[in-house]
2 protein chains.
Amino acid sequence: MPKPTFEKLPNHKREAFTKGFLQEFAANNYDKASVSVVVKKLNIAKGSVYQYFENKLDLYLYLKSLCEMTKMQYVLGIKREDYATFWDYYRTQYEAGIQFDLEHPLESKFLYRIGEKENSEALRGFMKEWKQQAIQAYIGIIQGEVDKGLFRKDISAEAMTYFLVSVSLGIGDVLRDRYHIDFDENIKDGKPLFALDKTVLMEAVDEQIVLLKGALDFKK
Amino acid sequence: MPKPTFEKLPNHKREAFTKGFLQEFAANNYDKASVSVVVKKLNIAKGSVYQYFENKLDLYLYLKSLCEMTKMQYVLGIKREDYATFWDYYRTQYEAGIQFDLEHPLESKFLYRIGEKENSEALRGFMKEWKQQAIQAYIGIIQGEVDKGLFRKDISAEAMTYFLVSVSLGIGDVLRDRYHIDFDENIKDGKPLFALDKTVLMEAVDEQIVLLKGALDFKK
DNA sequence: TATTATTGTGACTACGAGGTCACATGACTA
DNA sequence: TAGTCATGTGACCTCGTAGTCACAATAATA
């Protein structure tokens, strides 16, 4: 986490700093992202970085927590109990994610990288924990659907959760491939990752949801 | 592709060379895999590597084609027309993949990395093409199922294909996470990635197939 | 055996990374 | 104004990488 020196920085400096490194980590994975490059771009001394943060990993984790907090504001208010079906809930969550991407493309791309399988050894521990927590949270919800008789009972909630997560993580790729989206170009141009009409995107998402329903819904 | 010098090498030398670099590329991504490290491990001169191959990328692509050819021997004979349903066909393919992993763990891990989202910039072009070809091949098969009235008609074959691919790529992670498998450790010990009883693994696969059936099969 | 062609070698180059530190600069206090 | 403390600086250090090349060693041919 940042040293006091960083917290005391005037806003415009701190924001420029954050933005510069967010761009770098959004465009490159942890290992390839270069402190030296950003430092040149921002016209600050390399030593400053290490007066603000312990090291590269410390800086990365700070940015990660920043992005997560921003995304939370979009997703946290969405509660299962406020929706008639799991799929209304799920769809709303996904839509909020797209809205987040629309308004915070850098943070969105940063977080998109976390879902990637291959990650630097330095990060692997954090990512594994992160994924396990996400999975566990979802298992609880899915088990709830099973108990309500809304999801099938012949397959374990765990298996269904992994299934759902696979598809969820894949949807981003579906969108990217089907609409020939170049994430890196969009990032460079300051556009959102999914620089397309939201309704078009949601159509593709809805297709995947229809398939998910077929897979998980209880059939009498 | 290798220079003539490499082809003329005595078998034991060529095999040791190949194995050494397969291990390195199985354990590290393209960027992190180090020619220098392997060279030390094999007790050969660095210059030799560049008498066998143009450069690191050339060497990597050769190993990739090697692994693909080996895997082909397991999968190529499996034809859709030999199976009653798509799912018998799909299951057999997956089982063959596990068998391949059992007998060629190094090659299996090497290829597993290709499915990963994050890849070195040097490789991105190759991987994109590779994925597109795989997708296109599958779309043809899936469309065939639709035409036969076996798969649902209300969703495009393309959307169903992406759905199937998402889940297929995810199954590896399901197995890894559910059975707490450490790929890197297994590789280091010379074990297969999925060092578990094949029938146990296939049980988990079958669960996912049941869900896939629910999603894609035509319901009257 | 002498000559030529092929293969093996490892110190070396050029590069770029993360991180350090003695010093310069600026701001606030006495 | 003089002194103190926090912040900014960039040359420098260590490390590791891919790739090179003049030379040594071996194999093949005459």
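**View 1. Helices of chain A in the predicted model.** Chain A holds 11 helices and zero strands. Followed along the sequence, the pattern of chain A reads α-α-α-α-α-α-α-α-α-α-α. The C-alpha trace of chain A spans about 65 × 30 × 30 Å along its principal axes.

**View 2. Buried residues and contacts within chain A.** Chain A has 220 residues, and 50% of them count as buried. Contacts between residues at least 6 apart in sequence join residues at least 24 apart in 68% of cases.

**View 3. Surface and charges of chain A.** Chain A carries 32 positive and 33 negative charges. The mean positions of these positive and negative charges lie 3 Å apart.

**View 4. The two parts of chain A, domain 1 and domain 2.** Domain 1 of chain A covers residues 4-61, and domain 2 covers residues 67-216. Taken over C-alpha atoms, the centres of domain 1 and domain 2 of chain A are separated by 28 Å.

**View 5. The interface between domain 1 and domain 2 of chain A.** Here 13 residues of domain 1 of chain A are in contact with 13 residues of domain 2 of chain A. Between them, the two domains of chain A bury about 1100 Å², with 74% of this area on carbon and sulfur atoms. Of the area that domain 1 of chain A buries against domain 2 of chain A, 48% is supplied by Leu22(A), Ala26(A) and Tyr60(A).

Notes:
Residues numbered from 1 in each chain as written. Chains lettered and ligands numbered in written order. Predicted model: local features only at pLDDT ≥ 70, side-chain atom pairs only at ≥ 80, totals over all residues. Heavy atoms only, no water. Helix = DSSP H or I, 4+ residues; strand = E, 2+ residues; numbered from the N terminus. Buried < 20%, exposed > 50% of the residue type's maximum accessible area, 1.4 Å probe, protein only. Contact = heavy atoms within 4.5 Å. Areas by Shrake-Rupley, 256 points an atom, 1.4 Å probe, with all protein chains shown as cover. Lys, Arg positive; Asp, Glu negative; His and termini not counted. Charge placed at Lys NZ, Arg CZ, Asp CG, Glu CD. Domains from an automatic or database assignment. Buried area = accessible area lost by both parts, 1.4 Å probe.
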